[in-house]
Every structure is written in structure tokens, then in C-alpha cells.
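The model is predicted.

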Amino acid sequence: MAADLTAAQDHEVFVDAALFLGMHSQDDGLRVACKAFFVERLDTRVVMSLEQVGRCDDVVWSYSRELQDLYYPFMDQLHTVMDISREGYDRVGAALALSDSDLPAQLPFVDRLLLAMVVNRKGLLHTVGPRADAFGGLPVRAVAGWPAGAAEPAFPESLERLYRASLALRLPEDRLGIPAPDRAAARDRT
């Protein structure tokens, strides 16, 4: 995974809700791969659109208050410890998303907005599984599956403790934003 981090240093690093929520996936291979992404970048900057942050909240808020109370201390601390820049869309990105550009027309508009932000800023979007395939040649990279039997990376002790408690909330793949037909392919890649 270190090579992935090195390659991304030339680009502004964007993350989506699927990658962030993936740290709580029911699929342990996917969960650990997503967690490793954030552990490895804890001292760097990543960008998340405000809409993607809201998509995370929308999923978590659909669960019980008890699960939210176990999840949010970790998420709050991670957003405090790590430089996660939460940013709104701008006019140039919105115009690109609305145009007949190189963005795939079949993508949902929220994905077109996110990709327009990434393309406009010459960034690289990190996501999970086959979601990257839907973006056809655009600057999108899926996290690599976590090798079976490899040790799980850990956050610093206090953050890791909160993360472990937050795992009371485990999300099925459809809640991560992986389209239904692509779920089997996502398992095959991890």
C-alpha cells in the first residue's frame, strides 16, 4: 500500500463516502483495506466534499441512537486528528458536472459533481471496489484489497480504542454505496 501513497502525493487526495464508511464494512477484508487507507494518511491531508460527509451522516443516522453514540466519538476524533478538508462545490465544478464533458453521462449527478470537483482540481479520488470502474478512465482509484492473514494496521492508541468501540456499527455493502450488481465483483477483488 505504500506505493499507493507515494503515487498519490502528486495529486490532491479526495475520498468519498464509500471509502470512509468502508471502515465499518461487514466485509472484514474491505473494512481493513479502508481503515489502512486512513491509518497510512493520518498525517496528511485529504479532501471530502460536504455532500460526501452528509452521505456518511445520512447512513449513520439511519441506525439506532445507541449505535450512533458508539460510532460518532471515533468519527469526530478522526476528523479532529486528521486533516480532512470538508469542502463545498464551486461554480466551475458544477458547470463541468452539468456539461456534456468527458464525465460518463450514466453516472448519478452526485457522482458527476464529485468527479467534476476532482477533475477541476487535478486530484485523485479514492473509493472502494468496482465503484472505480464506473468512472471509466477518470482520476479514480479503488483501494486495494487487504491481503488475507496480514496484520491489521492500527490508529494511535486513543483513536484505535474509539475505532474498536465504533465497530458496533457494521455496514452491509449496499449502505456503502456499492451498486447492487457490482457487490459480487467487489468481493472478488478483495
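Glu160 and Lys35 form a salt bridge, with their closest N and O atoms 2.9 Å apart. Glu160 belongs to helix 8 and Lys35 to helix 3, so this pair ties together parts that are 125 residues apart in sequence. Both residues, Glu160 and Lys35, are buried.

The pair is also part of a network of salt bridges that links Asp28, Arg31, Lys35, Glu152, Glu160, Arg164 and Arg170. In total, the structure holds 15 salt bridges. Side chains of opposite charge can pair when their charged atoms come close.

## Two further salt bridges

Asp111 and Arg55 form another salt bridge, and here the closest N and O atoms are 3.9 Å apart. Asp111 is in helix 7 (residues 109-120) and Arg55 is in helix 4, so the contact ties together parts that are 56 residues apart in sequence. Asp111 has a relative accessible area of 7% and is therefore buried. For Arg55 the relative accessible area is 32%, so this residue is partly exposed.

Glu87 and Arg121 also meet through their side chains in a salt bridge, at 2.4 Å from N to O. Glu87 is in strand 3 (residues 83-87), while Arg121 sits in the loop between helix 7 and strand 4 (123-127), so the pair ties together parts that are 34 residues apart in sequence. Which of these two side chains counts as buried, and which as partly exposed? Glu87, at 16% relative accessibility, counts as buried because the cut-off is under 20%. Arg121, at 26% relative accessibility, counts as partly exposed.

In soluble globular proteins, nonpolar side chains tend to be buried together. The largest nonpolar core in this model has 40 residues, and those with the most contacts inside it are Phe20, Met23, Phe38, Leu78 and Phe155. Elements that give two or more residues to this core are strand 1 (12-15), helix 2 (17-22), helix 3 (28-40), strand 2 (45-49), helix 4 (50-60), helix 5 (65-81) and helix 8 (157-166). Helix 3 gives the most, with eight residues.

What does Met23 touch, leaving aside residues up to four places away in sequence? Its contacts are Arg31, Cys34, Lys35, Phe38, Phe74, Leu78, Phe155, Tyr163 and Leu167. Among them is Lys35, the salt-bridge partner of Glu160.

A second core is separate and has 15 residues, including Leu107, Ala116, Val118 and Phe135.

Strand 4 is mostly covered, with five of its five residues buried. In a regular strand the side chains alternate between the two faces of the sheet. On one side of strand 4 are Gly123, Leu125 and Thr127, on the other Leu124 and His126, and all are buried, so that both faces are covered.

Strand 4 runs parallel to strand 1, and four bridges join the two. Within this pairing, Glu12 has Gly123 of strand 4 as its bridge partner. Strand 4 also pairs with strand 5 (residues 140-142) in the parallel sense, over three bridges. There, His126 stands opposite Arg141 of strand 5.

Methods: Residues numbered from 1 in each chain as written. Predicted model: local features only at pLDDT ≥ 70, side-chain atom pairs only at ≥ 80, totals over all residues. Heavy atoms only, no water. Core = buried A, V, L, I, M, F, W, Y, C linked by side-chain atoms within 4.5 Å. Buried < 20%, exposed > 50% of the residue type's maximum accessible area, 1.4 Å probe, protein only. Contact = heavy atoms within 4.5 Å. Salt bridge = Lys/Arg side-chain N within 4 Å of Asp/Glu carboxyl O. Pairing = 2+ DSSP bridges.
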